[in-house]
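Let's take a walk through a protein together, one stop at a time. Have the sequence and the 3D view ready.

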Amino acid sequence: MIVMRMPQKMVRRLERAKSLDKAAKPVAKAVQKAVRPRFVRNTLSGTNLGHPLHPTLTDVPIGAWTMAALLDAVGGCDAEPSADLLVGTGIAAAVPTAMTGLNDWSDTLGAERRVGIVHALGNTAALSLYVASLIARLKGDRRKGKALGFAGLGMMSVGAYLGGHMSFVQGVNVNRNAWQDGPEEWTPVLGEHDLAEGEHRIAEASGVQILLHRMEGKVYALDATCGHMGGPLNEGTFEHGCVTCPWHGSTFRFSDGGIVRGPASTPQPCYETRIENGRVEVRMPPVGVSGGPADEHFTRVGRGRRRQPAHTSAF
């Protein structure tokens, strides 16, 4: 039990090691500058994938290097070409994996950033050891190549443990709206005249904070908390039919909650809206229907109402 708790204690010390901030801050700033273009940011964040790209890519180097170690240990001479191929595959896959990881890490602060930079250093050390291992293998020094490979496996395991801590303990890059359940029935949240053209307001419905915005005479509603890292969208920028999070720049369309710019990779929850008896009402859209202002004419389907195709933005 004591042995099992040792890694946890070490990570907690890393979280409190403010001395790491001096090294992490300039690196994070450099990464933020490099990923600023929208195409780069969206690609590395997995914006079009529907969830962060980095965790998906990590499976390749981890799997390749783990199998290489297995073949090195028990495969014999016949398995040497396969082990070498796996080492090279892991090296090639580690580069895009590192790029996506740096992109995600650049948005962190405090304890998450400290653990993250050690996670990155551990993986960099693993990559360096595997590059040296591959060079030794190609030169015919199998013994040295295997030794360096096993050392790389150890460093990779440290990096993987820290990565798991960031994801499952610290919740880095976890969708902040995953457990949000807005109202299923029409719920009044605001007076019609309390929201002028071009203005926005925060209202609560079923315990969920909802961002209301009127434009072109229609009222739109999104979850007020950015799904990326919990930024307050009501403090963001409103233009071109979209709202931009003030924390990391994720941009969402009001018409359907879709992502225009990452780092967010999950669309923002979007609610149907209507004006009834001088009150703005919202509800979660029925399954298969996007949010936005409800049309004047409805067709009844099953127990709920489904509206005609939603208003779409030209952005």
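How many salt bridges does the structure hold? There are 11 salt bridges in this model, which is predicted.

Start with Arg-114 and Asp-21, whose side chains meet in a salt bridge at 2.9 Å, N to O. This pair links distant parts of the chain, since Arg-114 lies in helix α6 (residues 110-138) and Asp-21 in helix α2 (residues 21-34), 93 residues apart. Arg-114 is buried because its relative accessible area is 10%, while Asp-21, at 26%, counts as partly exposed.

Now move on to the strands. Glu-272 and Arg-283 form a salt bridge, and their closest N and O atoms are 2.6 Å apart. Glu-272 sits in strand β9 (residues 270-276) and Arg-283 in strand β10 (residues 279-283), 11 residues apart. Both Glu-272 and Arg-283 are buried.

Salt bridges can also join up: Asp-72, Glu-80, Asp-84, Arg-137 and Arg-142 are linked in a network of them.

Next, find Leu-86 in helix α5 (residues 80-105). Is Leu-86 buried or partly exposed? Its relative accessibility is 23%, so Leu-86 counts as partly exposed. Leaving aside residues up to four places away in sequence, Leu-86 touches Ala-64, Trp-65, Met-67, Ala-68 and Leu-71. From Leu-86 to Val-60 is 26 residues in sequence and 9.8 Å in space, C-alpha to C-alpha.

Our last stop is on the surface, where Arg-5, Lys-9, Arg-13 and Arg-16 gather in a patch of positive charge. Arg-5 belongs to helix α1 (residues 2-16), and with 48% relative accessibility Arg-5 counts as partly exposed.

Key. Residues are numbered from 1 along each chain as its sequence is written. This is a predicted model: local features need pLDDT of at least 70, side-chain atom pairs count only at pLDDT 80 or more; totals for chains, interfaces and linings use all residues. Side-chain values use heavy atoms; hydrogens and water are left out. Patches are made of residues with over 30% relative accessible area and no salt bridge: like charges are joined within 9 Å, nonpolar side chains (Val, Leu, Ile, Met, Phe, Trp, Tyr) within 5 Å. Accessible areas come from the Shrake-Rupley method with a 1.4 Å probe; for residues, only the protein chains shown count as cover. A salt bridge is a side-chain nitrogen of Lys or Arg within 4 Å of a carboxyl oxygen of Asp or Glu. Lys and Arg count as positive and Asp and Glu as negative; His and the chain ends are not counted. The place of a charge is taken as NZ of Lys, CZ of Arg, CG of Asp or CD of Glu. Helices (H or I, at least four residues) and strands (E, at least two) are DSSP runs, numbered from the N terminus. Buried means under 20% relative accessible area, exposed over 50%, partly exposed in between (1.4 Å probe, protein chains only). Contact means heavy atoms within 4.5 Å.
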